[in-house]
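Dear colleague,

Please find below the structure that I am handing over to you. My findings follow it.

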Amino acid sequence: TRTYIVTGSASGIGSATAELLRERGHKVIGVDLRNADVEADLSTPEGRQTAADRAVEAAGGSVDAVIACAGISAPIPLTVSVNFFGVTEFLDRLAPVLARSEAPRAVVVSSMASLQPNSPELVDAMLAGDEAMARQIGQKLADQGPQIGYLNYPSSKRALSRWVRRESIGERYAGNGIPLNAVAPGTVLTAMTRELLAAPEGAKMVDENVPMPLNGHSEPVVIARLLAWLASEENTHLAGQTIYCDGGADASLRGDDI
Ligand code: NAI
């Protein structure tokens, strides 16, 4: 059995992932704002440090894999802090601990939204590690209303997928024998999408932006199974990738652009 740290464990994809791994006999330390083994706020630098320290302590000092699911989609700069810095800083803190495992793995949750229009300036600020600058750019977007403010979300996921690509081949991850990847779900039935999908106009907009010809919207366990494999001992060579688990949405939207 292995020991996993799962963020966003109180709801949706994170909750399904924690449950699946526990069913399979593994030890899971859940991290979330509330209703978790470790209750901490990944939107702040202090919260990330507290979350990492307490999770390692709860794991008894040895961790085999980290699966970072916590995320929000609000049209405000907080989204950048949770979805990008709340993942990358948290993982970077845990990498030295993971490195002591015989089969360490790290997986994050990106999104189909990583392919949507975004703010390149905001993406660059995140990748430069400048959270204050990123928040400033994100706030300017938010000030122009929710439609422009929404750019905080696709920008956070574009930056995250690009970060995975860059870091996966560097000293901290490849150098420590840690395959690092992202999963990009299509539309998943969770708290994040419930309200939007309940309204006919909302559902129509979602389906236009994320067309899913195969099997439609997915249950969170569908994503959990892929996350579990990427974080398992079986995955020795898949690294730096964003895997679209999206009912064919990426193939529909990007077509031959590969
Ligand atoms: P959810 O809302 O059901 O779960 C997200 C969890 O993250 C919640 O338990 C929440 O408390 C936690 N969280 C939020 N802010 C936090 C913070 N500051 N510190 C600690 N925990 C925090 O949402 P869902 O759908 O399970 O989302 C999981 C991930 O999947 C997110 O990164 C989201 O962007 C991504 N995703 C979701 C899709 C969907 O259709 N539901 C599609 C593509 C990506």
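Pro-154 is buried, since 22 other C-beta atoms lie within 10 Å (buried means 20 or more other C-beta atoms within 10 Å of the residue's own, exposed 12 or fewer, partly exposed in between, with C-beta atoms placed from the backbone). The model is a predicted one, in which local features need pLDDT of at least 70 and side-chain atom pairs count only at pLDDT 80 or more, while totals for chains, interfaces and linings use all residues. Residues are numbered from 1 along each chain as its sequence is written.

Pro-154 belongs to helix 7, residues 152–168 (helices are DSSP runs of H or I with at least four residues, numbered from the N terminus).

Beyond its neighbours within four places in sequence, Pro-154 is in contact with Ala-113, Ser-114, Gln-116, Pro-117 and Asn-118 (contact means C-beta atoms, placed from the backbone, within 7 Å). Gln-116 is 38 residues from Pro-154 in sequence, yet the C-alpha to C-alpha distance is 6.1 Å.

Elsewhere, Val-80, Ser-81 and Phe-85 of helix 3 meet Glu-131, Ala-134, Arg-135 and Gly-138 of helix 5. The residues of this contact comprise three nonpolar, two polar and two charged (nonpolar: Ala, Val, Leu, Ile, Met, Phe, Trp, Tyr, Cys and Pro; charged: Asp, Glu, Lys and Arg; polar: the others, Gly among them).

Yours sincerely

Technical notes: Two residues are in contact if their C-beta atoms, placed from the backbone, lie within 7 Å. Helices (H or I, at least four residues) and strands (E, at least two) are DSSP runs, numbered from the N terminus.
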